[in-house]
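The sequence and structure come first.

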Amino acid sequence: MGVRELVEEAISRWIGNGRSTRIWENKWIPDNPHGKPVTRRPLNCNLTKVEELISDFRWNRPQIFKTFSKTDAENMLKITALREEKTAICGSTVTWVNTL
């Protein structure tokens, strides 16, 4: 295994607001092989970014359980510290504390 593979194996993704995290391509799900969904992407699924799985600073649980396997969904829901941070300069931002 080369250096690149070792680094990629150890890297987890900072989710933030989910706008830059691609559901099917990025490593972001704790306890999943390779950090990605195991569930095959449904043919009619237009979901592309993690932000599409969030509603009012919470996981959209019905959407997650409808789209992903039970294991994928449960592992996604382990990312629990979604919160709104307010800053004087930037306004509101959404941040996740992920313990991958």
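## Contacts along the sequence

Of the contacts in the protein chain between residues at least 6 apart in sequence, 46% join residues at least 24 apart. A contact here is a pair of residues with heavy atoms within 4.5 Å.

This is a predicted model, in which local features need pLDDT of at least 70 and side-chain atom pairs count only at pLDDT 80 or more, while totals for chains, interfaces and linings use all residues. Residues are numbered from 1 along each chain as its sequence is written, and side-chain values use heavy atoms, with hydrogens and water left out.

## Secondary structure

The protein chain has three helices and four strands. Their order along the sequence is α-β-β-α-α-β-β. Helices (H or I, at least four residues) and strands (E, at least two) are DSSP runs, numbered from the N terminus.

## Surface and burial

Buried residues account for 32% of the 100 residues in the protein chain. Buried stands for under 20% relative accessible area, exposed for over 50%, and partly exposed for values in between (1.4 Å probe, protein chains only).

The protein chain has an accessible surface of about 6800 Å², and carbon and sulfur atoms contribute 52% of that surface. Areas were computed by the Shrake-Rupley method with a 1.4 Å probe; for residues, only the protein chains shown count as cover.

## Positive phi angles

Most residues other than glycine have a negative phi. Aspartate 31, which is not a glycine, has a positive phi of about 70 degrees. Aspartate 31 sits in the loop between helix H1 (3-10) and strand E1 (54-55), and with a relative accessible area of 59% it is exposed.

Histidine 34 is also not a glycine and has a positive phi of about 65 degrees. Its place is in the loop between H1 and E1. Histidine 34 is exposed, at a relative accessible area of 65%.

## Salt bridges

How many salt bridges does the model contain? The count is three, where a salt bridge is a side-chain nitrogen of Lys or Arg within 4 Å of a carboxyl oxygen of Asp or Glu. One of them joins arginine 19 to glutamate 51, with the closest N and O atoms 3.3 Å apart. Both arginine 19 and glutamate 51 lie in the loop between H1 and E1, and the pair links distant parts of the chain, 32 residues apart. Arginine 19 is exposed, with a relative accessible area of 53%, whereas glutamate 51 is partly exposed at 33%.

Lysine 78 pairs with aspartate 31 in a salt bridge, the closest N and O atoms being 2.5 Å apart.

## A pair within helix H3

The side chains of glutamate 74 and lysine 70 also form a salt bridge (3.8 Å, N to O). Because glutamate 74 and lysine 70 are four residues apart in helix H3, about one helical turn separates them. Glutamate 74 counts as partly exposed at 39% relative accessibility, and lysine 70 counts as exposed at 59%.
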